[in-house]
Amino acid sequence: MSQLKLKSENIKVFYKDFQALYDVNMDIEENRVTALIGPSGCGKSTFLRTINRLNELIEGTRTEGQIYLDEQPIYEKDRDVVELRKKVGMVFQKPSVFPMSIYENVAYGPRIHGIKDRKRLSEIVERSLKAANLWNEISDRLNSPAARLSGGQQQRLVIARVLAVEPEVILMDEPASALDPISTSRLEDLIVELKKKYTIVIVTHNMQQAARISDYTGFFLNGQLVEFSSTDELFVNPRDKRTEDYITGRFG
Amino acid sequence: MGKMIANGLTAGVVKVESEEKNRPHGQQRFRPLNIERGIEFLLKLSAAIAILAIILISIFIFARGIPLILKIGLIDFIFNLKWSPSHGSYGIAAMLVGSLVVTLSSLIWAVPLGISSAIFMAEIAPPRIGSMLGRMVELLAGIPSVVFGFFGLIVIVPFIRTHLGGNGMSVLAGAIILGIMILPTIISISRDSILTVPAEYKEGSLALGATHMQSIKGVILPAARSGIITAIILGMGRAIGETMAVVMVTGNSTIIPGSILSPVRTMTSNIVLEMGYASGDHQAALFATGAVLFIFIVILNLVVNISIKAGKNYAN
């Protein structure tokens with residue numbers, strides 16, 4: 001068993017009067033891929049966004065409970081959110097490349113964290129693009145607009161952008177849902193490769209994908225974490241009837 | 001369950017078919033097509049009338065103005081400082097400079113203020129207050145220019161006269177009034193373009209550990225750039241074209257202003273002040289002034305289009 005990286009303790013999220021999550025407890029290990037599955041609106045994305053405190057952007061959202069990153073509580077009054085989000089990067093469903101060049105997209109993160117030296121920035125950009133398996137395809141047009149890349153390339157660019165900030169945890173919110181099968185499989189290869197250095201939590205609608213790439217899987221339903229165990233166990237031998245129904249396609 | 005859906009589908013298809021059979025066939029198809037063509041014709045006609053009006057006005061302005069420009073020479077018309085119709089001297093250099101000076105000095109303060117207000121309304125104020133302020137600003141755009149001019153004459157001109165010297169009728173008074181008048185344009189268009197920046201950009205930036213202000217500067221403003229440039233240029237267009245308020249507060253001397261407290265006459269003012277009694281060459285010179293203004297505005301519009309296209313290049 002590897003080291004504990006993240007621990008969520010009785011996480012509850014309220015959106016105005018609506019309770020989106022009920023007492024979620026989950027232990028996430030370092031250098032592992034943890035997949036969150038469940039039908040739409042079950043709270044899996046909401047849970048993902050509690051880990052970098054991104055839910056706070058939506059007015060009327062309240063979070064109770066605690067999440068520990070390396071045993072440090074993240075829901076503390078004096079916790080530096082900027083510092084937290086530097087450690088916990090996030091990749092969104094829609095590839096959200098910024099309207100600037102490929103180079104500028106990757107250099108954006110290091111720049112806001114105070115790196116100004118051009119040589120160092122170029123090194124970071126190259127290293128991040130290489131780590132995201134994108135360098136070979138675009139190294140000759142770093143200054144062209146990022147929006148001209150294909151969807152799969154854009155998503156890998158977003159990952160490179162996250163890597164450039166040198167995070168420890170990477171959250172992915174259905175990163176492959178807008179991609180074609182070939183781009184998806186490249187992305188999956190990349191995720192498996194990235195877990196050597198990073199801890200990855202991924203929300204996915206695609207159960208085969210969860211089975212292929214994850215070490216642990218959590219099944220969410222109606223705001224509750226119904227079952228959480230190793231991926232093999234959850235798919236082969238689910239303990240809960242509802243998990244079994246979901247993974248065999250009987251509902252959802 | 002699958003079977004049920006299949007049954008439902010077949011039932012639906014059968015139903016549609018039976019309804020189709022009950023219709024008197026040919027007529028049903030023909031009538032909507034006639035209406036379609038009629039509407040299409042009306043739309044084409046409206047477009048043609050609008051375009052024709054613009055073309056006719058343009059032809060008229062140039063037909064009346066160009067002969068005079070040819071008579072005295074384009075260079076002389078534009079660069080001659082002496083505007084003295086009674087002596088047959090038609091140089092609009094002072095007015096050209098006047099228009100530019102008044103417009104630019106209004107932009108100098110209205111652009112930063114307008115963009116900052118737009119950022120506040122779109123990004124910082126709570127959404128409800130932001131949209132309330134937006135509506136109020138749009139209301140400001142509906143106030144007739146003569147009211148702004150009157151306000152300038154009664155409040156701003158005396159203020160400048162007492163506190164800064166001169167007789168108050170000045171570039172400064174024009175710049176203040178024009179700035180107020182173009183603020184609504186700059187604010188609403190900038191605000192709209194900031195609001196249409198996809199939420200993913202902001203979230204993506206914040207998720208990288210950027211602060212709100214860093215995200216505004218680094219991602220939101222660059223993404224809204226073409227809209228903001230459009231806002232500035234449309235504001236500039238409005239400032240160059242504005243007449244009534246400017247005539248009322250700038251003093252209207254046909255000289256190149258020496259300071260912001262000097263009086264100044266713009267091209268638009270020149271037309272409105274003298275059109276009542278002008279005739280012959282004098283009238284033609286006013287039309288020629290209009291033609292120069294027209295070309296100014298066309299160039300501004302081209303710049304808007306180019307900036308929008310440049311923006312699209314980078315956007316998704």
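Predicted model: local features only at pLDDT ≥ 70, side-chain atom pairs only at ≥ 80, totals over all residues.
Okay, let's start with a strand pair in chain A: β6(A), residues 88-91, and β7(A) are joined by four bridges and run parallel.

Which way do they point? A:Val169, A:Leu171 and A:Asp173 go one way, while A:Ile170 and A:Met172 go the other.

On to the next neighbour. β7(A) is also joined to β8(A), residues 199-203, by five bridges, and that pair runs parallel. Here A:Leu171 has A:Val201 as its bridge partner. The helix α7(A), residues 181-194, belongs with these two strands: β7(A), α7(A) and β8(A) together make a right-handed β-α-β unit.

Now zoom out. What is the order of the strands in this sheet? It reads β6-β7-β8-β3-β9-β10 in chain A, six strands in an open sheet with mixed pairing. β6(A) and β10(A), the latter being residues 224-230, are at the edges with a single partner strand each, so one side of each has no neighbour in the sheet. From one strand to the next, the twist averages 15 degrees.

Further along that order, β3(A), residues 33-37, pairs with β9(A), residues 216-221, in the parallel sense over four bridges. A:Leu36 stands opposite A:Gly218 there. Packed on this sheet is the helix α1(A), which touches β3, β6, β7, β8 and β9 of chain A, and its direction makes about 150 degrees with that of β8(A).

Which strands are at the edges?

A:Phe14 is opposite A:Arg62 in β4(A). Then β4(A), residues 61-69, is joined to β5(A) by two bridges, again antiparallel, and A:Tyr68 stands opposite A:Pro73. β4(A) and β5(A) form a hairpin with two residues between them, and A:Asp70 in the turn has a positive phi of about 50 degrees.

Let's move to chain B, and to a pair of helices. α5(B), residues 127-141, and α7(B), residues 171-195, pack at an angle of about 140 degrees, with their axes 9 Å apart. The crossing of α5(B) and α7(B) is left-handed. On the α5(B) side we have B:Gly134, B:Val137, B:Glu138, B:Leu140 and B:Ala141, and they meet B:Pro184, B:Thr185, B:Ile187, B:Ser188 and B:Arg191 in α7(B). By class, that contact has five nonpolar, three polar and two charged residues.

Is B:Pro144 buried or exposed? It counts as exposed, because it has 10 C-beta neighbours inside 10 Å, and the cut-off for exposed is 12 or fewer. If you compare positions, the C-alpha atoms of B:Pro144 and B:Met236 are separated by 18 Å, and these residues are 92 apart along the chain.

Last stop: where the two chains touch. How many residues does each chain bring? Chain B gives 19 residues and chain A gives 22 residues. On the chain B side, α8, α9 and α13 each supply at least two residues, with the largest share, six residues, coming from α8(B). Sorted by class, the chain B side has ten nonpolar, seven polar and two charged residues.

That's my tour, thanks everyone.

Methods. Residues numbered from 1 in each chain as written. Chains lettered and ligands numbered in written order. Axes fitted to C-alpha atoms, helices over the stretch in contact; angles between N-to-C directions. Left-handed = near helix turned anticlockwise from the far one by under 90°. Contact = placed C-beta atoms within 7 Å. Nonpolar A, V, L, I, M, F, W, Y, C, P; charged D, E, K, R; others polar. Pairing = 2+ DSSP bridges. Buried ≥ 20, exposed ≤ 12 C-beta atoms within 10 Å, placed from the backbone. Right-handed = clockwise from strand over helix to strand, strands pointing away.
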